Amino acid sequence: MFHQFNPDECTACTVCTVHCPVAAATTRFRGPKMTGPAFERFRLFGLHDDASVEYCSNCKNCDISCPSGVPVSTFNMLARAAYCRNKKIPLRDLLTGFSGDIGRLARHVPAFLLNFGMKNPVSRFLLDIVGLDRRAPLPSFAPLRERRRLAGHRPPAATTGKGDTVALFPGCFVSYYEPRVGLDIITLLEKAGYDVIVPKDFACCGLPLLCGGLMEAAGKRARRNRREIIRLAEQGIAVISPCPSCALMVGQEYQAVFPEEIIGSGAAPVYEAAAFVLEIVEQGRLDITAARSVAGRLAYHAPCHLRALGMGRPGFEILRKISGVRIEDVNAGCCGLAGSYGMKKGRYEIGAQTGSALFNAIGETGAELCVSECGSCRTGITYGTGLPAAHPLSLLARAL
Amino acid sequence: MQAADETTVVIIGGGATGAGVARDLAMRGVSCLLLEQRDLCAGASSRFHGLLHSGARYAVGDPEAARECARENAVLRRIAPECIEETEGYFVGHALDDPAWEECWAPACAACGIAAARLDPKEALRQEPGLAADIRSVYRVPDSAVDGFRMVCHNIAAARRYGAKVRTYARLAGIEVGNGRVGGVWTQGRDGKHFIACEYVVNAAGAWAGEVARLAGLDVSVSPDRGLLLAFNHRFTGRVINRLRKPSDGDIFVPHGTVVIYGTTSVPVQRPDDVRVETDEVLRLLRDGEILFPRLRDYRLLRAFAGTRPLYTPDAAAGRTATRNFVILDHAESGLQGMVTVTGGKFTSFRLMAEKTADLICSGLGLRASCRTADEPLVAAPSEHLLERAGSVFPVGGLGLAAARLGEGLEDAVARAERDPWKKTLLCECELVTFAEFEAAAAQSSGLSLGDIRRRTRMGMGTCQGNFCALRAGAALAEIGAFAALAPRRMLEDFLEERWHGIRPLLWGRQLREVELERGIYSALLNLEGYLPETLPECAAGTVCPVTRSGDGGRDARFSVGREYDVIVVGAGLAGVAAALRAADRGRSVLLLSAGAGVMTISSGSIDVLGVAGGEIVSGDPFARLDSLEPTHPYALIGSREVAAAVDFIAARAAEAGLSLRVSATDGGNVWLPTAAGTLKPVFLTSPGMSPKGLYDAADTVVAGIRGMKDFSSRLVARGLSENRLFAGKTFTPVTLDLPRHLRGGGRDVTALDIARFVERPGGADWLCKELSSLPVRSQALLLPSILGVDEVARIHTSLEEKLGLPVAECVCPPPAVSGLRLQNALRRAMGKSGVAAFDNVTVTQAVVEDRHCRGLVTQHGGIQRIFSAKSYIIATGGFYGKGISTQPGQAVERIFNIPVAVPSQPESWSNERFFSRGRHAFASLGVAVNRDLQAVDGDGAVLFSNVYFAGRTLRGYDFAAEKSGSGVAVATGYAAGGKA
């Protein structure tokens, strides 16, 4: 245990437990305060056997609400890793944990094969047996052509070297399920005069692995990504991710979870894409005054990990700047899917109950389209409301 | 069996030595009675490091003591493993320490037979990364941690098993002496004076030994020598760490379960009960400790405490020069038969002291029985079967802890939890003490103080220092009808006062935050001081605000555009939210930055204005009292009209968002709401479900609790209210509902919030209604914990009253406070409607100031620094708890703008001796000094920053807890600041 990371800031005040969506949905979870800082005092004393920490969805509402600045969810993730160290990891957690690697392996396989392979009733039945609830939504692989286009993106030769360069950390969700989002963001950034590269050396951010207690595998990816980010930073290249969870993990969580990799390796921030674009819009670098309005009512959902980033609600702010756009910030909490949490058996009901508040609130807005920065949230919202969901920057790219 | 008023040996002192003597004599078949003036182990046996010496510390100066320690260390590990944590220890030499000491120390250890193995400092650092990098040499020794409470309690239990008698809270009033012999002793208990005839008196009174001897006309020179100890919140070392130097102050760190104890000092004192702790002494000790643990000051202190060692000083040696060896004085040598004093020594050798004492007495009695205390285990190991049963009862990891703590009481605790599965619930979450364990310990204790149970269980000794478990403990005792002689309010008060004693010398940083939280709960939320009005106010069903009409401008909410806002508010508590709403109401574009969700869920969700002023209850219109407060009071600064307008404003915004706050008293004054502690708390606006009209009017009221729901005991509430003079002649009947099936057996403990959420779900309200309508008791009113839903409270409350046909009221409950959450949710909805942009999870680290004008606020997050700019800024970051004001010993500063806060010069004058004193604690009203416009000012009244306004607890000049004015000041100053910005 890294000794500078200790539970001393916690005052046992219960605010995190009030704001924890999992605790609100089930009493099987002891709550973030107990599994986090309270049990941490016992873990330092050698007691590691709290199984309830498996219920934490790592949504980070505890960290967001804590009046004392305690990184509660990080305690929980480390506790889960300690708990899992000598246990067999269930196949389910291996599947979700390594979903990025699966997507990478299947990068040359056409989408219809993948989707059929994954979503046909027999597969769902088998997946259900290994622990992925058959009712849960699974994202669909994107057409091979789009996946290849994003992975193989190069700045146009004519512009290379003329503008600032930024690197896209697309993240697994965008890479394999929604490369369009990545391509849209590239379009916007190029419009603002950036050269965008998509480095081949990035690995999965490791968050799904960490959530499955696969600390070692996550650490391996962390080291690789850090190396790459530092290399880019030394060339003055900023890293941008369309996925708030990747941005959070790479930009902030590595420091807490893998401090030995981070300390002394220099600062290298990772920007969440919408926040970055909002910044360049406000600097006047990207002109959106000509953007056409988006038809219909929009409902905006701020992903929990975006809120944890402390960047506000950039997607909402951007779309609001487009004249004629009717958009409402739903502000009704976690979508319940929390990455792959709500797909897992025994968690599906928790996720469904958590998300119901959000889905009802979206319903009440009368929106025809939902907007959210997070791919997993978009999957969950579409599943819960039947409404299509888009990344705010995709809408912006189309409106320009 | 011999009657208790006649025995062979009377032992004076319930510390380790006395308990050891009792066990030893009882095992040899000698009838004995132990008398203790307070609870067991209340003296030095619990007020030391808890170090089971290997002897290495004494190897150079006192080889005899060292050898003795080494032997006894091995004996105690063998007979009492449940009291000992085998940690091993390091002796660590630092570059600053004299190497000559090490040169004579290592051979001395070898000579005493103490295994001291040299270790590579690098390896030691790997094992204990908190140690300083510049340590020079490390030796490994067989030191261990020993739990003094537990050792004494288990010794006593063993002694009882062999027939010894024990009386606690029995003061020795005299020793009967005649014809050169001891004839007996006089005790003074709560029920008068008693004589106990005996042949021998063993004076094992520790630092009090001199006083006891005096009662027999003897002179024994025992000098009390005070040692200071500090308890830290987490286990920053897993081993005992000794500093390798000539024994001095601050040499020893001992890990104990979840905490680390560090000490000590050596200060000769006049009286054995002089266990004062002074802040300067604490700071000196911390400075010493930083040599070995450089981050020591960053670790959270829990408390400071002191014990008085009994040093035997016949030749006027004192302090560290006095011997640590024990002495046994047979006073027959000075002409008094039958009196033996055993004193000096160390905890580690208590068993040996007892053995030698018992040998002496047995030879005097002509008995040949030999000592068996070194051979027989202290506690019989629990059977496999019992451990298996216990395994399904105790929380994760808690079984071992509970088994070791309870000793023979384990079976009782297990049986209790098996009978009532909800008793697996944690009463003390910081130290993992279940209700079952608590009850088992209560059954073993005197029934006179919660402290007795604390010592047996460690309840209240962890992170929160009783903030959350004290009320639960009172509730648990009320439920089982124990400790009935004590008024619950007094019992809680005494317990928290005792905790306060150890916290008071540490009033800075995190301890001060915890104290502010504690005052928020026990003083502001529960009014444990017990303020009461002359009579209950007359109540109506409640009028909706406004109380006054404020003619504020139109509401032309405008959305923020771009990063340049009109107003940035920092802080999402009530003050920040009120400020943001008001500024938005005035057409400003507003950005709210917050680190954390604020603390509305720690509040009652009602709005108080002023309940108490100058220690007197405010009766009638509280607004009328505001302008006559001290001129620096925030209310006096902004004026009562603004305060009234603010209260109207917040009520209107809450009402628009679906939460109607009401004035219940017909005279427009405060109403007094019942609380979960059985007290009454003054508020101005009540939140739905809380209007006490029905309760005031009813001749009989049913108080309904839920079995297995934490923090609320219907018996505690019913007792508190029926003993309240304002309810004279009225009856309160406690009843208990069963937990909804859905919430049973989950693993997490159920609170009022879980029930409220359940009640709000489909079928939940019907469940509640059905349970309540099938109660066997009829009444005119019904009192409940706050469980009537979260956001749907108004609908659920009305429908329940209609269906039951009687008024229903909720009590104010401790955190997680449902009523506070209702207000928070409503005001957040209101902010959404007003177009306030909110950024969660951002900590503002500093401000950019040019020419006394703030240009922006700097945030730092994940390596990304950002600057947020606006025309004006409102700082509502809270006080100590909200981290708006940060403190260090003797210093306080506003965190963002670095505004120094004036503080009392002496650490002791920061606070009062009593926690629940009616006078203000000086620390409570420390904050930023402002002018009437809520701008910070310097000592001369000059404005520091022209476009920055302060609101809420960041301000100086009021004590939210003592005045019962927290939400009122927050709303009023937030509203006022929002009106300026």
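Two strands are taken to pair if DSSP finds at least two bridges between them. In the predicted model examined here, this criterion applies to strand E25 (residues 564–570) of chain B and strand E40 (residues 864–875) of chain B, which run parallel and are joined by 6 bridges. Within this pairing, Val569(B) has Ile874(B) of E40(B) as its bridge partner. E25(B) also pairs in the parallel sense with strand E26 (residues 590–593) of chain B, in this case over 4 bridges, and the partner of Val570(B) in E26(B) is Leu593(B). Of the 7 residues of E25(B), 5 are buried, so the strand is largely enclosed by the rest of the structure.

Helix packing was examined in chain B as well. Two packed helices are described by the angle between their axes and the distance between the axes. For helix H14 (residues 469–480) of chain B and helix H22 (residues 714–722) of chain B, the angle is about 90° and the axes lie 7 Å apart; because angles of 65 to 115 degrees count as roughly perpendicular, H14(B) and H22(B) are assigned to that class. The contact brings Gly474(B), Ala475(B), Ala478(B) and Glu479(B) of H14(B) against Arg715(B), Leu716(B) and Arg719(B) of H22(B), and by class its residues comprise 3 nonpolar, 1 polar and 3 charged.

Between the chains, 57 residues of chain B are in contact with 52 residues of chain A. On the side of chain B that touches chain A, at least two residues are supplied by each of helix H16 (509–525), helix H23 (752–760), helix H26 (818–834), strand E37 (837–839) and strand E39 (853–861) of chain B. The largest share of this side, 4 residues, comes from H16(B), while the side as a whole divides into 24 nonpolar, 22 polar and 11 charged residues.

Chain A itself is divided by the domain assignment into domain 1 (7–84), domain 2 (91–130), domain 3 (144–277) and domain 4 (289–399). The centres of domain 1 of chain A and domain 4 of chain A, taken over C-alpha atoms, are separated by 26 Å, and the contact between these domains takes 11 residues from domain 1 of chain A and 11 residues from domain 4 of chain A. On the side of domain 1 of chain A that touches domain 4 of chain A, helix H2 (21–25) and helix H4 (61–65) of chain A each supply at least two residues, and the residues of that side are 5 nonpolar, 4 polar and 2 charged.

Terms used: Residues are numbered from 1 along each chain as its sequence is written. Chains are lettered from A and ligands numbered from 1 in the order in which they are written. This is a predicted model: local features need pLDDT of at least 70, side-chain atom pairs count only at pLDDT 80 or more; totals for chains, interfaces and linings use all residues. Two residues are in contact if their C-beta atoms, placed from the backbone, lie within 7 Å. Ala, Val, Leu, Ile, Met, Phe, Trp, Tyr, Cys and Pro count as nonpolar, Asp, Glu, Lys and Arg as charged, and the others, Gly among them, as polar. Domain bounds come from an automatic or database domain assignment. Axes are lines fitted to C-alpha atoms, for helices over the stretch in contact, and angles run from 0 to 180 degrees between N-to-C directions. Angles under 35 degrees count as roughly parallel, over 145 as roughly antiparallel, 65 to 115 as roughly perpendicular and the rest as oblique. A residue is buried if 20 or more other C-beta atoms lie within 10 Å of its own, exposed if 12 or fewer, and partly exposed in between; C-beta atoms are placed from the backbone.
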